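Let's take a friendly walk through this structure together. Please have the viewer open and follow along.

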Amino acid sequence: MSIWAALAGGLVGTLVLTTTLRAANALSLTRIDLPFLLGTAFTSDRTRAKALGYGAHFINGLIFALLYYAVFVAIGYSSWWLGCVFGLVHGLFATTALVNILLPLVHPRMGQPETSAPHVALLEPPGFLMLNYGPSTPAVTLTAHLAYGTIVGGFLAWPA
Amino acid sequence: MDGYTELRNYAVIGDGRCCALIARDGSVDWLAWPDLDSPTVFAAVLDHLRGGRFLLRPEAPYTASRRYLPGTNVLETTFTTAGGTVRVTDALTIPDSRSLAPARELVRRIEGLAGSVPMRWSVQPRFGYGARAPHLTRRAGVPVVTSGPEAVGICAWNAGEPQPTSDAVVSRFRADAGTRAVLALPYAHREPLVLPTRTECEARLDHTAATWREWTDGRTYTGPWREAVLRSVLALKLLVFAPSGAVAAAATCSLPEELGGERNWDYRFSWIRDSAFTLNAFVKLGCAPEATGYFWWLMHASQLTHPRLHVLYRLDGGARAPEKTLPLSGYRGSTPVRIGNAAADQLQLDTYGELVQTAWLYTAAGHRLDADIARRLAQTADFVSTSWQQPDTGIWEVRSAPEHFTQSKMMCWIALDRALDLAQRGLIPDQHAPRWRRERQAIAKFVDDRCFSLRLNTYVRSADSDDLDAGLLLGLLHGYRSPDDPRMRGTVAAIQQALQDGPYVSRYLGADGVHGSEGAFLACSFWFTEALARTGRADEAAHLMDQLVPLANDVGLYSEEIDPATGDFLGNLPQGLSHLALISAACAIGQATR
């Protein structure tokens, strides 16, 4: 178990997570687009937002991998299946609190229930479990996070 | 009179998230909380016994006059009695930064102007369209009505001591000259209720009026019928659901198109059909944030169903809107009372034209399309290329068998024409441009061969029919043919002859799969007016506009339809399409006479 393994797992995990979400998006299963949601916090230029958002998303992926690493070190055990459990918790946190409640609070262009006239949001609020982005969104998001957690856990359990 | 008031007597207030209807007699008869499309807390307009309402009126006989505070959506009603005069100011308040505000809040300020007026009020909340029993309790001395995750406080200052009864909280007080009372309903949904102070409520009421005035001062329209246009854009702004940028078609559901009839629909959704008019109005009136927000919402919402478009989308961007009926008695017995809208799943080919036209207008206003949207617009054009030959339900969402509606074909032509223009300017991928060009030509041939009557010298409602449809005017307004085209001029003349009656223009004659009839469709009157202006008949258009503008109610609002015989409002209100069509017609006449 090492920081480098965590960072490598975070990189690969984020790649898989992002690809899963993007594929679900292309298959019209969901309208979730995390890089877009993140990037538009910095700019209203859609193209630039996506580029920035991908960067921010990968950095977040690495930070979360380090958090996983910290917990694994604290309990003195790591495995792919425990990473999968962490991924489930991570996914639930993302869909119920992180993206639904915390992101709108700091996102200057995202609507929230308190947004009122004369302002108007550029991005619709995600809603509970991000259901505003389509009924399959929670399932897709949780699946992607399960994959992320499993990969990070797997990298950290990899024999040195 | 039978527990209901005429629809013409309603004014609307809102805060960008929800709307309330207030009758001339001071009764709040419609309020959906927390959002515009949520179940109601007050719905007496749909069932005067079970719907719930918030009454506030003099106990003595009175006359009432009202207005919006200039440049705002804050309503002011003045009651005059033999003993004195009292003024009530109503607003759904906009949060300020000075205090902790409730999630939603209705504030009613009562000022004695002269003499002494005995007042009575009664708050009768009925959650979930009247389905859920409210539970009355007290918090910090304030009556609070709760039901499931919802809570409404009933705060009264100088307005008598609130008295709980079996189904309401009521009180009486005297509004003497120089005195001021306040009633406020703070609301909470899935969070603790915030109980405001009187000072905070009054400050928020003033802040709300100032915020609306500031917004209105930013509007750029200087053309004719300025007051009507500005009131229309204020009404439209009430239909903008601020948290997402969507624009609802109307603030209400199931207000009847025919008294006692079954044409009662839920309009608290955003229709793609209205998108081009909406964006055009926002651009022309200097509402850039609203235009961008709406376009972004439109492209987000349609993503899940892409390349197909639903006829309408929920305000949160969702595509499902299952239709249900409620056990309410309906406005003056007009049942069924419906929520949701089954039209969502219909095939309406004109929407594709509206979407691409909207994107085209968006780029014309100087905005850029990102790569994803550009690709999707090109795919939309591809979809039109393969689908335009299907019969559909048309712009009016008939519930009879699908037909080859002419207006749908015209809008398919518009979709391909605008896509070709966007491709030519390098704004969307152009790989399939030759195919779009070929199909555009095929549509024009179909429309000219099968949708034009040489005998009547007009385009007709659907292929091989002899019927007329005011929706055909949209072909002209969106640029299917030049205004100088003899076929278009012939169509305007034929519609004038067959569908116009004074200032009123009917949508169409003939069956549509629903029992009963309907009133005159106001948007069609304005479209016809605009068509006159565009075909070189600006004086006639201005004359007609002078007849149409006074058809609004006393506070400048329009419903969807009007009964030509009585002048009564019919259908949901305020109706965004009516106000959009007014704005568009006023702008067109202004341009034609410049």
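Predicted model: local features only at pLDDT ≥ 70, side-chain atom pairs only at ≥ 80, totals over all residues.

Residues are numbered from 1 along each chain as its sequence is written, chains are lettered from A and ligands numbered from 1 in the order in which they are written, and side-chain values use heavy atoms, with hydrogens and water left out.

Let's begin in chain A. Helices and strands here are DSSP runs numbered from the N terminus (H or I with at least four residues for helices, E with at least two for strands). Helix H3 (residues 46-75) of chain A and helix H5 (residues 137-157) of chain A cross at roughly 55°, and their axes come within 10 Å. Axes are lines fitted to C-alpha atoms, for helices over the stretch in contact, and angles run from 0 to 180 degrees between N-to-C directions. H3(A) and H5(A) are therefore oblique to each other; under 35 degrees would be roughly parallel, over 145 roughly antiparallel, 65 to 115 roughly perpendicular, and the rest is oblique. On the H3(A) side, the contact is made by Gly61(A), Phe64(A), Ala65(A), Tyr68(A), Tyr69(A) and Phe72(A), while H5(A) brings Tyr148(A), Gly149(A), Val152(A), Gly153(A) and Leu156(A). Contact means heavy atoms within 4.5 Å.

Now to chain B, where helix H2 (residues 198-217) and helix H3 (residues 226-239) pack at an angle of about 120°, with axes 11 Å apart. This pair, H2(B) and H3(B), is therefore oblique as well. Trp212(B), Trp215(B) and Thr216(B) of H2(B) meet Val233(B), Leu234(B), Lys237(B) and Leu238(B) of H3(B).

What about the interior? In soluble globular proteins, nonpolar side chains tend to be buried together. A nonpolar core is a set of buried Ala, Val, Leu, Ile, Met, Phe, Trp, Tyr and Cys residues joined through side-chain atoms within 4.5 Å. The largest core has 227 residues, and those touching the most other members are Trp33(B), Ile110(B), Trp121(B), Ile428(B), Trp436(B) and Trp527(B). Helix H8 (residues 406-424) of chain B gives the most to this core, with 11 residues. Not counting residues up to four places away in sequence, Ile428(B) touches several residues, including Leu369(B), Leu377(B), Leu422(B) and Trp436(B).

Is Val182(B) buried or exposed? Val182(B) counts as buried because its relative accessibility is 1%, where buried means under 20% relative accessible area, exposed over 50% and partly exposed in between (1.4 Å probe, protein chains only). Val182(B) belongs to strand S16 (residues 180-189) of chain B. Beyond its neighbours within four places in sequence, Val182(B) is in contact with residues that include Ile110(B), Trp157(B), Arg198(B) and Glu202(B).

Finally, Ser254(B) is buried, at 0% relative accessible area, and its phi is near 60°, a positive value in a residue other than glycine. A cis peptide bond joins Leu573(B) and Pro574(B), with omega about -15°.
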